[in-house]
Amino acid sequence: MKIAVCPGSFDPVTNGHFDVFERASRMADEVVVAVLINRKKSGLFTVEERIEMLTEVTKPLGNVRVDSFYGLLVDYCKDHGVNAIVKGLRAVSDFDYELQMAQMNFRLAGVETCFISTNPLYSYLSSSLVKEVATHGGDVTGLVPESVLKRLKSKISSTM
Ligand code: PNS
């Protein structure tokens, strides 16, 4: 695999996402982590903040870079010479929607999707749950990278 893309909202990036980036970086020459710019949904962190966090976190992985995109993922793939989309599958509940998107992306542009089975340590983990738990004072240490944990705490205290 030459260029792979790991797309998502990453609001914020979790250790589950990082596990997928790391494993994708061993299979592809280059991995692009692409943050969706969603004009309908603002999120806790701005796209710029998410990109900063992702850039910090993926720095040790030499062949990973971070970008953002607006619109269809397959258009990003065509414009940037991406060979495959790489996604993590946490559980059967992810499968239906992920399969639909993979089939639609193949139908639209012949872009392949590869699924990585999420490390069971992170099978219950999502950015939404991390935000919910952290917002109500729960401890999310070990679920997000250290640098993200710090930003999460200060973001939550500044929004409360
Ligand atoms: O982290 P998320 O929010 O679950 O990621 C979803 C994402 C960004 C991968 C998906 O919504 C997507 O690819 N959006 C881009 C728009 C698009 O191409 N839609 C058609 C999908 S078949």
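Does M104 count as buried, partly exposed or exposed, and what is its relative accessibility? The close-up views below come from a predicted model, in which local features need pLDDT of at least 70 and side-chain atom pairs count only at pLDDT 80 or more, while totals for chains, interfaces and linings use all residues. Residues are numbered from 1 along each chain as its sequence is written, and side-chain values use heavy atoms, with hydrogens and water left out.

View 1. M104 is found in helix α4, where helices are DSSP runs of H or I with at least four residues, strands are runs of E with at least two, and both are numbered from the N terminus. At 47% relative accessibility, M104 counts as partly exposed, a class that lies between buried (under 20% relative accessible area) and exposed (over 50%), with a 1.4 Å probe and protein chains only. Together with L72 and L108, M104 forms a nonpolar patch on the surface with about 280 Å² of accessible area; such patches are made of residues with over 30% relative accessible area and no salt bridge, joining nonpolar side chains (Val, Leu, Ile, Met, Phe, Trp, Tyr) within 5 Å and like charges within 9 Å. The accessible areas come from the Shrake-Rupley method with a 1.4 Å probe, and for residues only the protein chains shown count as cover.

**View 2. The kinked helix α4.** A kink of about 25 degrees in α4 is centred on E98, the bend being the angle between axes fitted to the seven residues ending at a residue and the seven starting there. Just after α4, G110 takes a positive phi of about 65 degrees.

**View 3. Two salt bridges.** D19 forms a salt bridge with R23, their closest N and O atoms being 2.8 Å apart, where a salt bridge is a side-chain nitrogen of Lys or Arg within 4 Å of a carboxyl oxygen of Asp or Glu. Because D19 and R23 are four residues apart in helix α1 (residues 15-27), they are separated by about one helical turn. K155 forms a salt bridge with E49, with the closest N and O atoms 3.0 Å apart, and this pair links distant parts of the chain, K155 in helix α6 and E49 in helix α2, 106 residues apart.
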